[in-house]
Amino acid sequence: MSEFDAPPLDPDARWPEGLSIRARAPSDAVGIAALHNMPGYRYGTLRTPHHTVEEIRKYIESPPANNMGLVAVMDDMIVGDAGLNRYLNRRAHAGSIGMGVHDAYQGRGIARALIGEALAIADRWLNLKRIELMVYADNEKAIRLYERNGFVKEGHLRQFAFRDGEFADAYSMARFRA
């Protein structure tokens, strides 16, 4: 374990062998830019092509208020990332999650570990009652993952985003905690 690694916040969480999740750092900009520029990763997100290392580094160095960024590291490389954004004022009880996994590391439990860690922060440290996310309607694996973590579909957004030459629908989903 390096100085940045820590065990899961949820004592019941089980991560894949060799995976660590930690806060992102400016030194991660090269790995995050490579991740964000992968076609499979990008296809499942709202990201556009050709992110530069410099724009990623600037974002990490000056994140939006109330935003936490996590990276998943395996085999000495960044294989996933997630962001948890806590809303403000009258929505201080709520937040949103966005995440993605390296094209070659999908199906290995990394997304499950990332969402688990983000939800542990939301539940155990921020006391968030509502977590929201958007997911493309054709991303069945992600929808199943979110449903297994307590998310429910709240809305169907038609022509939500322009992706790879055509409009794609999305679902708004949320998880509620009493």
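The largest cavity in this predicted model is lined by Met68, Leu70, Ala82, Gly83, Leu84, Ala118 and Ile121. A cavity here is a set of points, on a 1 Å grid over the protein atoms alone, where a 1.4 Å probe fits but cannot get out, and lining residues have an atom within 4 Å of a point. The largest cavity holds about 30 Å³ of space, a volume being the space filled by probe spheres set on the points, with grid points joined across faces, edges and corners. Strand 2, strand 3 and helix 4 each give two or more residues to this lining, and strand 3 gives the most, with 3 residues. Helices (H or I, at least four residues) and strands (E, at least two) are DSSP runs, numbered from the N terminus.

A word on the basis of these values. Residues are numbered from 1 along each chain as its sequence is written, and side-chain values use heavy atoms, with hydrogens and water left out. As the model is predicted, local features need pLDDT of at least 70 and side-chain atom pairs count only at pLDDT 80 or more, while totals for chains, interfaces and linings use all residues.

I turn now to the nonpolar cores. Such a core is a set of buried Ala, Val, Leu, Ile, Met, Phe, Trp, Tyr and Cys residues joined through side-chain atoms within 4.5 Å; buried means under 20% relative accessible area, exposed over 50%, and partly exposed in between (1.4 Å probe, protein chains only). The largest core has 32 residues, and those with the most contacts inside it are Leu19, Ile110, Leu114 and Tyr146. Helix 4 gives the most to this core, with 8 residues. Apart from it lies another core of 11 residues, including Ile32 and Val73.

Which residues does Leu114 contact, leaving aside its neighbours within four places in sequence? Among them are Ile21, Leu70, Ala82 and Met99, where contact means heavy atoms within 4.5 Å.

A pocket is an open set of points with protein on both sides within 12 Å along at least five of seven lines. Of its 16 lining residues, Asp10, Ala13, Arg112, Gly116 and Asn149 lie nearest its centre.

Finally, Arg22 is found in strand 1 (residues 20-23). Arg22 counts as buried because its relative accessibility is 14%.
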